[in-house]
Amino acid sequence: MTEVTTSSPPGTRWGLKTKVILSMLLVGVIPLVVGLGMAFWQGSQEIREVSGESFKALATEAARKLDLLLAEEIAHTARIANDPTIIRALEQRRDAQSNPKNPTTALADFERRWTARDAAAIKSLTDNPLSTLLHEYFTGVHSAPGQLLPHVVRSSTRMLFLTDAQGTLVGTMTDHPAFRHQKAPWWQGAFNKAVGKLYVEDVRFDDQVNAYVFSISLPVMDSLRYEVVGVLHRVIDAKEFFSPATHVTRFGKTGHVMLIDTHGIVVSCPILPTGVPLSDPKLIPLVTPQHPGWVQASSDGHGGQSTSVIGFAPLPETSRATNGSSADGSWHTFVWQSSDELFAPIHHLFTWVTVFGIVAVVLLASLGYVAAGRIVTPVRQLQQAAQSIGRGELRTPIQIHTGDELEDLADEFNRMNQQLKAAFTGLTDQVKLKTKEVQVLQQSTDQILDAVPTPILLIDAHETVRYINQAARESFKIQGPMSGTSLFTILPLDPVAQKNLQAEFRTTGGTPLVTSDIARETSPRDPLAPSTDHDSAHHRAELHVGSRIYHYQWFRLPTKPGEEDRIGLVLRDTTDESQLHDQLVQAEKTGSLGVLTAGIGHELNNPLFGIIGLGEAIQEEQDLEQIKSCAQDIVAHGRRMATIVRDFTGVTNREAFDTQVPVYLEQILDQVLATAQTTVEMKNIVFHKTYAGQTPVLVFPDQLRQALVNLVTNAAQAMKGTGTLTLTTAVSDHTATATIADSGPGISKQHLSKVFDPFFTTKGQGEGSGLGLTVARRIIRKFGGDLRIESIEGQGTTCVVSLPISSLLSQEGGPWTTSASRSEPQPSHSS
């Protein structure tokens, strides 16, 4: 008994205890991780949504307050624009400009003085009744009781001036404004083609006041509220105006509210300076829609690239007046808090989730370790007991008391140990007996191999002979032991044969089985068919050792595990067989010559009989025309005999040089019938012709006529000169079929399968050689067609010839039928 143990390489095998612990960890950790992950994700989403909704509400409230603040400032500015004194002054200026004496020169001169900062010009516009009225409104003199202008409004106003209907400066609080404003966007927006409209300009940097400002422009309508007589323009510092309203809204350490326009330009922000754009252009379209909301973005707009939650809301009333209600003019509140501060609860949640997960994993590992110990310890006891049983050393029963399947398994081990002891009691004697049987079997095998009369050699992979039987010793004159002798020392071969045998030996060593060509059978072939080199020179597995010839065969031997493969070589002395084979080949050559001679005689007999018959007819014929016709037939028969001789001898190898020509199958049949009537008695035979028209085929005409003459002649001879001969042609699937049917006695079943065998005939002695059908089929197959014989004993024989249709001739005419009882067929008789 052989014990086979398998073990894994060190470091790649996991014990059962490790697997149990890992299994418990996987079973516990995977649901734990999935559950905690989903809880963390759900909590994060809820925190984001709550923060987003809070930011949205805060942005909406801030937008409402800023909208009210700006609307209140617009209302204060509108009271100035509606003052009757200002309206009358601008109407008088309008009327005065309608009939000017020399207004262009005076205005141009005054503009130069204003630009040059002429004191008189500056005083005339900053200290006139309109500018004084503007000062009064600015200081709150004309405000209602208890509604004084806030200090923030007064300090944030950088310019307040008035223009007439031509855009010319007529009154101002400071000397900063330009003199003409007709082309300014804010003036054109407020003038609005003399119709008038509130115009709030976006934040821009004003070089004259050196600050980021926005402006409020109001049209001054005439007393009838019909047309604009002037424009009141107020320039406000954006930061000073909005900061009291935006900077006070703070939450947490970083949360604040800011005001931006639709281009992302900061109007007011506690962190960013006024006039700078948001750091991320992709964020602008997300926070500037025309409805309040919140968004989770990949940046915060303040230069950070962390994920942020941003609330936003538009200023609806202000946006309608911004830039004259253009499509891209609107202001929006922007509520933001630092990501670190905003997501601090999420980070805390993640920390606690991680700590809880680690604690759970530790607990699972501890429980797994305890459970694995309870399971693995009995299993190890069983493993040690199994090893002891395998060595036959188990003397103490296995003691496991777990109260489960492991205890039952220990009892089964104890029972198996007792049974093995009982079974192995007589094992030594049985081994000795089997050893003797193997030795006897080996001796018997050696005696059998020595009794075999064929030389047998056993060779290892190094071409060394390990065994040689008695027949081989006698054949190769070997004396003494052959241990370590090379194969080619025993077989003295020439270098070429030795090289070939070595190549076969190496190939045989890598394949399970090699069969030689010793028992190869030669398939029968047509003796009239041309032979090829492949047919005449079969490869033979043979060796020439001295004067003897041996056929050989390789075979592989099964070996024990771990031993080298062995290959056997069987040699059979075929010297006498080879000599007999050479004699048979010589006899076959002699027989083939007889076949050729008989074939020539058979094919020449028919035209020769025709020539003799025509010669006898000429001797008695007096009609010169009939004599010429018979002479032409004699010449045709002579040419046919020359063609037959040339085909059988192969002197000119006609088929290699001639080219097949297209002919009509029906014309060939008529010519064949005429030729056959000169050699066979057909006076009492009735002919029926059913042709498909003119069917073109590509053949050698003489050879096809020769084949068909054989068929018609056989049919006439079968009917013994009396009966019906039917010729039919048909076309189907690019194939032309010619059928020659007779009403003779037919062919029996036992003879029908042999009609194409050379020299087979049912005719009497001297009536036929048995080669007619053989030659006909060989010729028809040469053209790519086939010949088939169908016969029923007592009902006649039908020969079916199939030929491929030629595309070199066009088919003309239609079906036509002929019938005649004369010996000379006509092409167009009706039956």
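Two strands are said to pair if DSSP finds at least two bridges between them. Helices (H or I, at least four residues) and strands (E, at least two) are DSSP runs, numbered from the N terminus.

## Basis of the model

This is a predicted model, in which local features need pLDDT of at least 70 and side-chain atom pairs count only at pLDDT 80 or more, while totals for chains, interfaces and linings use all residues. Residues are numbered from 1 along each chain as its sequence is written, and side-chain values use heavy atoms, with hydrogens and water left out.

## Strand E10

Strand E10 covers residues 308-314. Five bridges join E10 to strand E11 (residues 331-336), and the two run antiparallel; within this pairing, Gly311 stands opposite Val335. Strand E9 (residues 293-297) is likewise antiparallel to E10 and joined to it by five bridges, with Val309 as the bridge partner of Gln296.

Seven of the seven residues of E10 are buried, so the strand is largely enclosed by the rest of the structure. Buried means under 20% relative accessible area, exposed over 50%, and partly exposed in between (1.4 Å probe, protein chains only). Ser308, Ile310, Phe312 and Pro314 point one way, whereas Val309, Gly311 and Ala313 point the other way.

## Salt bridges

The structure holds 21 salt bridges, each a side-chain nitrogen of Lys or Arg within 4 Å of a carboxyl oxygen of Asp or Glu. One of them joins Glu111 and Arg180 (2.9 Å, N to O). Glu111 lies in helix H3 (residues 103-115) and Arg180 in the loop between strand E2 (169-172) and helix H7 (185-191), so the pair ties together parts that are 69 residues apart in sequence.
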